[in-house]
Amino acid sequence: MAYLSLKNINKIYPNGYHAVHNFNLDIEKGEFIVFVGPSGCGKSTTLRMIAGLEDISNGEFLINGKRANEMGPREREIAMVFQSYALYPQMTVYDNIAFGLTLQGVDEDIIEERVKKVAGILGLTDYLDRLPRALSGGQRQRVAIGRAIIRKVGVFLMDEPLSNLDAKQRVTMRYEIAQIHHETGATTIYVTHDQTEAMTLADRIVVMKDGYVQQIGTPYQLYYQPENVFVAGFIGEPPMNFIRGTVKNGAITFGDNVLELGKKLPSIAEYEGKEIVFGFRPEHIQLGQQDQAYTIRAKVELTEMLGDNTNIYVTADHDQAILKVDSHDTPETDIDIVFSIPFENVYLFDGKTEHVI
């Protein structure tokens with residue numbers, strides 16, 4: 001296991017493009033860290049700098065307190081699993097997993113013992129004699145992971161390892177990756193654009209946008225305590241709903257709806273005449289009028305029945321929102337409804353800075 005520290009890390013390419021800005025993060029031994037964000041946010045670039053595959057333009061990267069900026073990938077004792085499986089097609093599963101140890105000249109008996117142990121962890125024992133083309137996508141990804149973990153390095157890096165799998169395989173592999181981390185206890189850094197993977201796997205999540213870190217925290221903190229509109233909208237499925245309006249006489253008004261913000265923030269006076277963003281999560285609403293809650297009137301445009309729950313797409317004046325309700329409470333389309341948002345489930349953001357109030 002290894003302790004990592006990234007201090008004011010920047011990546012600036014020769015053409016002047018600034019891909020990563022002042023990235024700061026301390027990673028404890030054995031932590032499972034997930035970098036998440038949309039395409040082009042800098043998460044994979046940061047991972048590649050940690051791996052030694054990209055030079056660090058500015059800042060300092062430490063492994064166990066030792067500067068690693070100038071270390072080559074091999075010196076860093078880091079194993080990486082890529083989006084593509086990168087398996088040798090002419091080699092069996094056994095030989096693919098053993099390849100790294102074979103290059104190091106490890107004794108054959110030790111290699112066999114380690115391969116069988118790793119194969120047992122990954123459920124590959126019955127496939128050791130097969131070639132990669134005879135495996136499913138999920139099985140090939142397990143082989144790629146096996147090739148990484150057999151080396152017993154201190155840090156595992158995973159760059160969108162599940163993106164080539166179908167939905168069912170992704171669910172299975174998420175569980176298996178979590179189990180592998182539990183078995184090995186290795187420090188793991190995992191990159192994904194899928195917030196579900198981030199929420200289910202991470203000890204802590206780093207949310208990135210346009211090369212900047214937006215927030216670092218546990219899945220609970222990011223879901224219940226988002227620091228800005230971007231994080232609030234990125235974490236959660238369906239995403240948080242946002243209504244923009246101007247505060248007038250302590251209330252935000254849109255169409256026929258008037259939300260008395262003083263019920264949420266007694267000191268809302270400082271926002272009088274300013275734009276504010278009113279946020280609420282789809283699953284936190286209740287149909288009908290409730291006490292200790294904001295009430296909004298809206299029209300049902302579309303419903304999506306998903307089994308135990310239904311997503312309801314509504315419009316309130318010119319604003320759109322998604323509501324999540326029990327499937328037994330699914331309303332008809334093209335009707336007007338009233339829904340309530342408990343005061344404690346409302347988020348307010350500054351309309352200009354988009355930071356939480």
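Which strand pairs with strand 14, and over how many bridges? I looked this up and found that strand 14 (residues 275-280) pairs with strand 20 in the antiparallel sense over five bridges. Pairing here requires at least two bridges found by DSSP between two strands. Strands (E, at least two residues) and helices (H or I, at least four) are DSSP runs numbered from the N terminus.

I noted the basis of the model before going on. The model is predicted, with pLDDT of at least 70 needed for local features and 80 or more for side-chain atom pairs, while totals for chains, interfaces and linings use all residues. Residues are numbered from 1 along each chain as its sequence is written, and side-chain values use heavy atoms, without hydrogens and water.

**Strand 20**

I then checked burial (buried: under 20% relative accessible area, exposed: over 50%, partly exposed in between; 1.4 Å probe, protein chains only). Five of the five residues of strand 20 (residues 346-350) are buried. V346, L348 and D350 lie on one side, Y347 and F349 on the other, and both faces are covered. In a regular strand, side chains alternate between the two faces of the sheet.

**The sheet 2-1-4-5**

I traced an open sheet of four strands in the order 2-1-4-5, with antiparallel pairing. Its edge strands, strand 2 (18-27) and strand 5 (66-67), each pair on one side only. Strand 1 (residues 4-12) and strand 4 (residues 58-63) are joined by five bridges, and S5 has L62 in strand 4 as its bridge partner. Helix 1 (residues 43-51) packs on this sheet and touches strand 1, strand 2 and strand 4. Contact means heavy atoms within 4.5 Å. I read an angle of about 120 degrees between the directions of helix 1 and strand 1; axes are lines fitted to C-alpha atoms, for helices over the stretch in contact, and angles run from 0 to 180 degrees between N-to-C directions.

**Helix 2**

I listed V93, Y94, N96, I97, A98, G100 and L101 as buried in helix 2. Their cover includes helix 3 and helix 4. After helix 2 comes G105, with a positive phi near 75 degrees.

**Pockets**

I used a 1 Å grid over the protein atoms alone: a cavity is a set of points where a 1.4 Å probe fits but cannot get out, a pocket is an open set with protein on both sides within 12 Å along at least five of seven lines, and lining residues have an atom within 4 Å of a point. A volume is the space filled by probe spheres set on the points, which are joined across faces, edges and corners.

The largest pocket holds about 690 Å³. Of its 21 lining residues, I78, A79, M80, R147 and R151 lie nearest the centre. Strand 6 gives the most to this lining, with four residues.

The second largest pocket holds about 320 Å³. It has 15 lining residues, with K117, V118, I149, K152 and T184 nearest its centre. Helix 3 gives the most here, five residues.

**Cavities**

I found two cavities of 30 Å³ or more in the whole structure. The largest cavity, of about 50 Å³, has I243, I296, A298, V314, A316, D319, Q320, A321 and F339 as its lining. Strand 18 supplies the largest share of that lining, three residues. The second largest cavity has about 30 Å³, and helix 5 supplies the largest share of its lining, four residues.
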